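I wanted the overall layout before any single residue.

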Amino acid sequence: MPRKKSNKGQKATKNPPRPRPPSPKPFQPNAAPDKTTEDGEELWELNHVIASRFMYGKLYYQVSWKGWSKDEYWYPASDLKWCPHLLVEFHSDNPKAAGPPRRLDIWDKAWTERTEEGLEKHEEDDLVMTVAQKKTWLEEFEELMQTGDSVGEGGLG
């Protein structure tokens, strides 16, 4: 008589969800974007960063888009390098959240100087700061806020 296979002793594993493709999603309203690039590519504007998490060795963010309903997707940090002021705001308000990205200071400098220098694809774009880097970054941010300098005019870096 054949033996029945038993599930006893087997561990169930639950893998975290993988990031999904970017918006727009089929069920969202099809509103026109606020801006387009010279080559006709649509530009969507972010409202704010909702959450961050570290998965599969990379930093991801959940965001809110202007003119769109809630977006459940997680975007790699490199997708947000064009709006570092929102990342700075998020991480200053949520110091225990995963992140910030390792190259945030470089992105912030490019944003404040209105240049694309430092925004090219880089292997560290989606990596988080080390604990020591994050501590230093938060301390520098606190100093900036106490002196009255605003992020985006003086930058962080």
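Entry one, the layout. I noted that this is a predicted model. I found 3 helices and 5 strands in the chain. From the N terminus, I read the order as β-β-β-β-β-α-α-α.

Entry two, the surface. I looked up the accessible surface, and the chain comes to about 11,100 Å². Carbon and sulfur atoms hold 50% of that surface. Of the 157 residues, 34% count as buried.

I took the contacts between residues at least 6 apart in sequence. Of these, 55% join residues at least 24 apart.

I found that the largest nonpolar core has 24 residues. Leu46, Val49, Tyr61, Val63, Leu80, Leu87 and Leu104 have the most contacts inside this core. Strands S3 (46-55) and S4 each give two or more residues to the core, and so do helices H1 (84-93), H2 (104-112) and H3 (131-147).

Entry five, Val63. I left aside its neighbours within four places in sequence. Val63 then touches Leu46, His48, Val49, Ile50, Asp71, Tyr75 and Leu80.

I placed Gln62 in strand S4, residues 58-65. Is Gln62 buried or exposed? Gln62 counts as buried because its relative accessibility is 10%, and the cut-off for buried is under 20%. Beyond its neighbours within four places, I listed its contacts as Val49, Ile50, Ala51, Asp71, Glu72, Tyr73 and Trp74.

Note on methods:
Residues are numbered from 1 along each chain as its sequence is written. This is a predicted model: local features need pLDDT of at least 70, side-chain atom pairs count only at pLDDT 80 or more; totals for chains, interfaces and linings use all residues. Side-chain values use heavy atoms; hydrogens and water are left out. Helices (H or I, at least four residues) and strands (E, at least two) are DSSP runs, numbered from the N terminus. Buried means under 20% relative accessible area, exposed over 50%, partly exposed in between (1.4 Å probe, protein chains only). Contact means heavy atoms within 4.5 Å. Accessible areas come from the Shrake-Rupley method with a 1.4 Å probe; for residues, only the protein chains shown count as cover. A nonpolar core is a set of buried Ala, Val, Leu, Ile, Met, Phe, Trp, Tyr and Cys residues joined through side-chain atoms within 4.5 Å.
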